[in-house]
Amino acid sequence: GCHHSHEEFAVLLLRSDMIWQSLTRCICGTLVINLRLILVSGKTKEFLFSPNDSASDIAKHVYDNWPMDWEEEQVSSPNILRLIYQGRFLHGNVTLGALKLPFGKTTVMHLVARETLPEPNSQGQRNREKTGESNCCVIL
């Protein structure tokens, strides 16, 4: 799954132990998820994460390793970075593993800066979250 050129990561390795750990895991054949994050401006960047990483872990990591060419989009705090996957905002405690993402493939998510998550328009949202895993329109 993940034998595509490790040279690209060499530059990142100097900056981040976390990526180094991910890369080592990758080489050892353990699961690594490659996320391509897209900003509202259309700029993209790829990051490596493990299935145990949650949406808030990812936001913090991206904030701490903010790409140079994203300078104009720099945000003041990792707490306002939100991930959108298949059109849905991910809550901070959702892990990549829970999303059942395909390993060895690149998963695309949108990264937006918002103070708060959109409020549900009905009070039934909380119960739906526990029971409602079935989304009629998830594209596999």
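The legends below describe several views of one predicted model.

Residue numbers start from 1 along each chain as its sequence is written, and side-chain values use heavy atoms, with hydrogens and water left out. Because the model is predicted, local features need pLDDT of at least 70 and side-chain atom pairs count only at pLDDT 80 or more, while totals for chains, interfaces and linings use all residues.

View 1. Helices (H or I, at least four residues) and strands (E, at least two) are DSSP runs, numbered from the N terminus. Starting at the N terminus, the order of elements is α-α-β-β-α-β-β-β-α. Of the 140 residues in the chain, 33% are buried (under 20% relative accessible area; exposed is over 50% and partly exposed in between, with a 1.4 Å probe and protein chains only). Among contacts (heavy atoms within 4.5 Å) with a separation of 6 or more, 59% join residues 24 or more positions apart. The chain exposes about 9200 Å², of which carbon and sulfur atoms supply 54%; accessible areas come from the Shrake-Rupley method with a 1.4 Å probe, and for residues only the protein chains shown count as cover.

**View 2. Strands β1 and β2 form a hairpin.** Strand β1 covers residues 33–39 and strand β2 residues 44–49; their pairing is antiparallel, over 6 bridges (strands pair if DSSP finds at least two bridges between them). Ile38 has Thr44 in β2 as its bridge partner. Between the strands lie 4 residues, and Gly42 in the turn has a positive phi of about 100°.

**View 3. Helix α3 (residues 55–64) has buried residues.** These are Ala55, Ile58, Ala59, His61 and Val62. They lie on the same side of α3, because they cover an arc of only 165° around the axis (the arc is that of the directions from the helix axis to the C-beta atoms).

**View 4. Ring pairs join Phe47, Phe49, Trp66 and Trp70 into a cluster.** Rings of Phe, Tyr and Trp (its six-membered ring) pair if their centres lie within 6.5 Å; planes under 30 degrees apart count as stacked, over 60 as edge-to-face and the rest as tilted. The whole structure contains 3 aromatic pairs. Phe47 and Phe49 form a tilted pair, because their ring centres are 6.2 Å apart and their planes at 35°. Phe49 counts as buried because its relative accessibility is 0%.

**View 5. Phe47 and Trp70 are both buried.** Their pair is edge-to-face, because the ring centres are 6.4 Å apart and the planes at 70°. This pair links distant parts of the chain: Phe47 is in strand β2 and Trp70 in the loop between α3 and β3 (81–85), 23 residues apart.
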